[in-house]
Number of protein chains: 2
Amino acid sequence: MNYMLKDENAIYYECGYSCDNALYIRLGTDAFFITDSRYTIDADENVMGAQVVINGDLYGEAAKILHKHKVKKVIFDPKEWTVAGFEKVSQNVKVKFKPELDFSHKKRIIKSDEELKIISKAAKLGAKAFKHLAKEFRKNGFGKDEYTLTHIAKGILGDFGKYELSFDPIVAINKNAAKPHATPTSTLLEKNDLLLVDAGLKYKRYCSDRTRTVQADKYFMFDTHQSFKRKKIQKAYDVVLKAHDNAIAKARSGMKAKKVDALTRDIVEKAGYGKYYVHSTGHGVGLDIHEMPYISTKSDTIIEDGMVYTIEPGIYIPDEFGIRIEDMVAMVDGRATVLANK
Amino acid sequence: MNYMLKDENAIYYECGYSCDNALYIRLGTDAFFITDSRYTIDADENVMGAQVVINGDLYGEAAKILHKHKVKKVIFDPKEWTVAGFEKVSQNVKVKFKPELDFSHKKRIIKSDEELKIISKAAKLGAKAFKHLAKEFRKNGFGKDEYTLTHIAKGILGDFGKYELSFDPIVAINKNAAKPHATPTSTLLEKNDLLLVDAGLKYKRYCSDRTRTVQADKYFMFDTHQSFKRKKIQKAYDVVLKAHDNAIAKARSGMKAKKVDALTRDIVEKAGYGKYYVHSTGHGVGLDIHEMPYISTKSDTIIEDGMVYTIEPGIYIPDEFGIRIEDMVAMVDGRATVLANK
C-alpha cells in the first residue's frame, strides 16, 4: 500500500518522530520522512523505518520521490492536505491520488498494548493533577477570576512545564459552565459556586482528558460524589452521573457507537433534560485529543477491544449552570475499563 | 470583489469576530459569517458588517450561498483551505474559484493607525513582561531547568492568565540557544550562563515578539547591553547587536525587503559569521505572529509606511551557543521606529 501523510501525529504514529514541517511517504515497504534542515539532527536520531530526506521544498521533494519510484496510486487524506500543498505534489506527476478520509485515524482506532500503557499513564497523571488542583483551589482559588484559575490549572496539569497539555483547560464557574466550550471570564470563584474543570495533559505525546463538576466548598475534591446546595443543580447532577455510570457499566465490544451514546442519552432524556444535552457522549483519545471512535447518535462504528474513548454526558441550562462528568475508558475483554480512578 | 476565507485571523480582520469553526464569504458589498450553533450568541453580538448564518455544515452552506447569489468568480487562498473543505464548497456549484496565495496577508500588510496603536501596546506589554521575567529569574531561576523556566516565562508573559501568548516562549541556555527554534531540555540555569529568551503575548488578538540574549549573572536585565565573560561570546554578541542596530537605523520605506535583510546580513558576513546566521532578518507581525513582509534575502516586497516587522539577526555556533536580538519596528515617516524600548 502507498500513502502520503502531512499531519504531525499521523506521521509520528508511523515512524516515532515528527515535527511541524514534515511529510511522510510510504511506498510498499519503503518509507520517506521529508523535512527541512532545521530538523536534520533530530530526524536522523529519531525517525524509525524511514529514510530521512532533507529538502526545504517538502512538496517538490515528495513529487520527486513519487516520480522516481514510478508510483501509480497513492492514498491521502483530503482533510490533512491544503489545496496549495496538494497541488504542488500532484501537478506534475502521473499518479492517481486516492482520497481517503480519516486514513490515519482509522489506522489508529485500535490501540496496541504499548499505546494502552502510555494512555493509561497519561490518564492517571491527569487524575493526579486534578487532586493537586483541588488542593490549590481550596487554598488559593477563592476570590480569583477564571483567567487566573485557568492559568493555575495549566501550571498544575503540566506539572509546571514538565508535560504539554492536551488542550487549554476549561475552568468555568456557575452559568459560564453552561457553555460546553467556555472561555475564561473575569468571574471570581466564591464559596459554594459550581465549578467545572475540563483538562488533560500529554504523556509521551498521548493525551488525557477529564472533566469534573463540583460545589466549591471548603473541603471540595474533584470526585464524582458531590452535594450541591441548590436542589435544581443536584437533580441535574445526579442525572448526569447516572448516565455516565450507566454507559461505563454497560458499554460492550461489539456494540455500535450510537448504542453506547444511547446509554447516556436515554437516561438524560427520560429525566427530561434531553434538550440540554447538546453534544455527543464522547470521542476517541490518542495522539489527538479528538479521534475515532466518535460516540455520537449517528455513529455506526463497532466498538472493539483496544479502543479508547471518553464518556462525558452533560446538562447545560443556559444562563444558569452546566454539568459535565468525563472519564476515559479503554475496551478490555469486552467491557469499558475506566483508565484512572473516578 | 468576491472572496471566501477560512483562516481564523483572516476572518477576524474582516468582521471583528472569529472562532475556530467559521467561514466568511464576501460578495461585493454583501458578506456572510457562517458558523455552528455553539457560537450563535457570540457571533450575533460581535460580527460587524456581515450576516451571521448558523449551519453545522459550513461548507454546504457556503456552496448554497454561492449558488443562490449566482456568483461567477470567487477568490480563495489555497493555503487556507483543505482539499476536503474546498471540494465540499466547489463540487456542485458553477463558480470559477480563483486561487490567490496570501490573499488576506496581502490585505493586512499595511497596518491602520488603530492597528498600530494595538500592536504598539502589545510590544510594550511584551517588553514590560521581560522586565518582570528578569526579576523573577534573578530571584528564583537559578538551579531550575528549561522546562520550569519556560513555564515561569509563560505565566509572566501572559500576566498569569490575562493575555494569550503569541507562541510558546523559547528559553534556552548556552548551547541549547544554538537551535533557533529550541525546545526545552532538563539543562539547569547556572550563574553566568548564556540565556536566550524569545517570547511574545497577544493584546486584542495582535501579537508581540521579542528576543534577548543575556549573561545570567546576579544583576542581569533583558537589555541589549551585555557583558559576557567568554570573549568568544562577546565578540559574536557585538556583531549581532551591530547588525540589529544598523538595520533599525537604516531601513527606509521604498527599500526592497531584501535590502533591509542585507543591512543585518552584510555586517554578520563581513565579521566572518555568515554561515552561522541561518535565518532571515525578520518577519511581519500582526494578527499572525508570522505574516508579510518577510525580511529575507529573496524578498522583493517594497517596504512601506505602516508595515510592522521584526529585526532579529542571530549567530548560532552549534554545540556552543546561540545569540539573537529581536525588536519589532513599525515604518513611520519613512523610517523604522522601535515599538518598545530596547
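Guide: Welcome! Buried means under 20% relative accessible area, exposed means over 50%, and partly exposed lies in between (1.4 Å probe, protein chains only). This is a predicted model, where local features need pLDDT of at least 70, side-chain atom pairs count only at pLDDT 80 or more, and totals for chains, interfaces and linings use all residues. Side-chain values use heavy atoms, leaving out hydrogens and water.

Visitor: Why is Lys98(A) called partly exposed?
Guide: Lys98(A) has 32% relative accessibility, so it counts as partly exposed.

Visitor: What makes Glu100(A) and Lys98(A) a salt bridge?
Guide: A salt bridge is a side-chain nitrogen of Lys or Arg within 4 Å of a carboxyl oxygen of Asp or Glu. The closest N and O atoms of Glu100(A) and Lys98(A) are 3.6 Å apart, and the pair forms a salt bridge.

Visitor: Why is Glu14(B) called buried?
Guide: Its relative accessible area is 18%, so Glu14(B) is buried. Lys107(B), its salt-bridge partner at 2.8 Å between the closest N and O atoms, is partly exposed at 31%.

Visitor: Why are Glu61(B) and Lys64(B) separated by about one helical turn?
Guide: Because they are three residues apart in helix H3 (residues 58–68) of chain B; helices here are DSSP runs (H or I, at least four residues), numbered from the N terminus. Glu61(B) and Lys64(B) form a salt bridge, with the closest N and O atoms 3.9 Å apart.

Visitor: What makes Lys64(B) exposed?
Guide: Its relative accessible area is 52%, so Lys64(B) is exposed, whereas Glu61(B) is buried at 11%.

Note on methods
Residues are numbered from 1 along each chain as its sequence is written. Chains are lettered from A and ligands numbered from 1 in the order in which they are written. Helices (H or I, at least four residues) and strands (E, at least two) are DSSP runs, numbered from the N terminus.
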